[in-house]
Amino acid sequence: QVQLVESGGGLVQPGGSLRLSCATSRRILNIRTMGWYRQAPGRQRELVASITSGGSTDYADSVKGRFTISRDNANDTLYLQMNSLKPEDTAVYYCNVRAVVLRQYDYWGQGTQVTVSS
């Protein structure tokens, strides 16, 4: 069973920065995309940023220019650099890995809390 473990969340003041990491418990074959999602209280989970196996990235409009997604292909580690954080970025952030082997497989981490508050 593959496990994804996020780290790097915490409490930060508005305008501050955090870097999230997501490590996989073992190598995952046939990865199509890796991404970060977030869910704030009372809201649906939303895609924050994603990166394909080829390195193409996509961002939610609300984080463009502030967040950067990257991955270490050697060990399937995913990162999210978050700068200029705003209170509305407060949420639980989840790592996702999507692989396709005959069918689609979605792996999720347990989530890490990010709180932006003064």
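How many residues does the largest nonpolar core have, and which have the most contacts inside it?

A: The model is predicted, with local features needing pLDDT of at least 70 and side-chain atom pairs counting only at pLDDT 80 or more, while totals for chains, interfaces and linings use all residues. Residues are numbered from 1 along each chain as its sequence is written, and side-chain values use heavy atoms, with hydrogens and water left out.

The largest nonpolar core has 30 residues, and those with the most contacts inside it are W36, L80, M82 and Y93. Such a core is a set of buried Ala, Val, Leu, Ile, Met, Phe, Trp, Tyr and Cys residues joined through side-chain atoms within 4.5 Å, where buried means under 20% relative accessible area, exposed means over 50%, and partly exposed lies in between (1.4 Å probe, protein chains only). Two or more residues each are given to this core by β3, β4 (31-39), β5 (46-52), β7 (67-72), β8 (77-82), β9 (91-101) and β11 (112-116); these strands are DSSP runs (E, at least two residues), numbered from the N terminus. The largest share, five residues, comes from β9. In soluble globular proteins, nonpolar side chains tend to be buried together.

M82, one of the residues with the most contacts inside the core, touches G16, S17, L18, L20, R66, F67, Y93 and V114, when residues up to four places away in sequence are not counted; contact here means heavy atoms within 4.5 Å.

W36, another of those residues, has A49 in β5 as its bridge partner. The strands β4 and β5 pair in the antiparallel sense over six bridges, and two strands are said to pair if DSSP finds at least two bridges between them. They also form a hairpin with six residues between them, and in its turn G42 has a positive phi of about 80°. From β5 the pairing continues to strand β6 (residues 57-59), which runs antiparallel to β5 and is joined to it by three bridges, with D58 in β6 as the bridge partner of S50. This second hairpin has four residues between β5 and β6, and G55 in the turn has a positive phi of about 100°.

W36 is also among the residues that S21 touches, together with V5, E6, S7, L78 and Y79, again not counting residues up to four places away in sequence. S21 lies in strand β3 (residues 18-24), and S21 counts as buried because its relative accessibility is 19%.
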